[in-house]
Amino acid sequence: NILKLFEQDIEFITNGFSADYYFDEREAENYFNNLSLGFENAPNFSGILIFQKQSDGKYNIVDGLKRITTLNLLLAALCDSLKLVDEQGLKLSDGIRNKFLIKQSSPKLILKDSDNKIFKKIILEEQLELSEENSNIYNIYHLFLNLINSGNISSDRLFKIISQIQYMIVMTIETEVATRDL
């Protein structure tokens with residue numbers, strides 16, 4: 001499942017072919033609502049992810065950047081919602097964030113340019129500048145946070161559903177196949 005991938009002690013990077021992150025807010029809300037209808041104990045197959053292991057040990061995302069970024073934003077929103085509940089929620093939030101989203105005080109997912117700056121602040125719970133709050137990446141995170149806080153799905157149930165998301169994962173090493181051929 002996707003959380004087994006995220007809990008590994010590896011960093012994911014974007015390649016030069018990836019576009020900036022964009023997810024239409026209406027589509028993101030539909031994604032969340034469809035996810036909310038999922039079953040806690042039933043696998044949810046969500047496509048294919050393709051990675052290429054680099055010589056520095058990082059994994060270049062060849063295909064699946066939007067899906068991985070969206071799930072990272074959803075997990076960050078879940079963490080931020082949990083920490084508002086009580087002391088136990090704060091502990092759960094820290095546990096999820098440190099296990100799935102952070103490696104050595106930095107996000108495990110490294111995006112391009114301005115997306116990365118904003119994404120890093122969201123994941124590390126740093127203050128955003130007002131202009132950064134107008135970005136698509138922040139808007140999707142904030143949408144997820146509002147949807148979670150609306151109470152239509154419990155945080156526990158949402159986490160269980162996320163843990164059932166499965167992908168077919170293809171991993172190559174840098175010398176096996178040129179990125180353009182994947």
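User: What do the numbering and the values rest on?
Analyst: Residues are numbered from 1 along each chain as its sequence is written, and side-chain values use heavy atoms, leaving out hydrogens and water. In this predicted model, local features need pLDDT of at least 70 and side-chain atom pairs count only at pLDDT 80 or more, while totals for chains, interfaces and linings use all residues.

User: Why is α2 called roughly perpendicular to α3?
Analyst: The axes of α2 (residues 25-36) and α3 (residues 65-82) cross at roughly 70 degrees and come within 13 Å. Angles of 65 to 115 degrees count as roughly perpendicular (under 35 roughly parallel, over 145 roughly antiparallel, the rest oblique), so α2 is roughly perpendicular to α3.

User: Which residues of α2 and α3 meet?
Analyst: Glu27, Tyr31, Phe32 and Leu35 of α2 meet Lys66, Thr70, Leu71 and Leu74 of α3, contact being heavy atoms within 4.5 Å.

User: Why is Asn60 called buried?
Analyst: Buried means under 20% relative accessible area (exposed is over 50%, partly exposed in between; 1.4 Å probe, protein chains only). Asn60 has 6%, so Asn60 is buried. Asn60 lies in strand β3 (residues 59-63).

User: How many cavities of 30 Å³ or more does a search of the whole structure find?
Analyst: The search finds one. A cavity is a set of points on a 1 Å grid over the protein atoms alone where a 1.4 Å probe fits but cannot get out. The largest cavity has a volume of about 50 Å³.

User: Which residues line the largest cavity?
Analyst: Lining residues have an atom within 4 Å of a point; among them are Thr14, Tyr21, Leu65 and Asp115.

Notes:
Axes are lines fitted to C-alpha atoms, for helices over the stretch in contact, and angles run from 0 to 180 degrees between N-to-C directions. Helices (H or I, at least four residues) and strands (E, at least two) are DSSP runs, numbered from the N terminus. On a 1 Å grid over the protein atoms alone, a cavity is a set of points where a 1.4 Å probe fits but cannot get out, and a pocket is an open set with protein on both sides within 12 Å along at least five of seven lines; lining residues have an atom within 4 Å of a point. Grid points are joined across faces, edges and corners, and a volume is the space filled by probe spheres set on the points.
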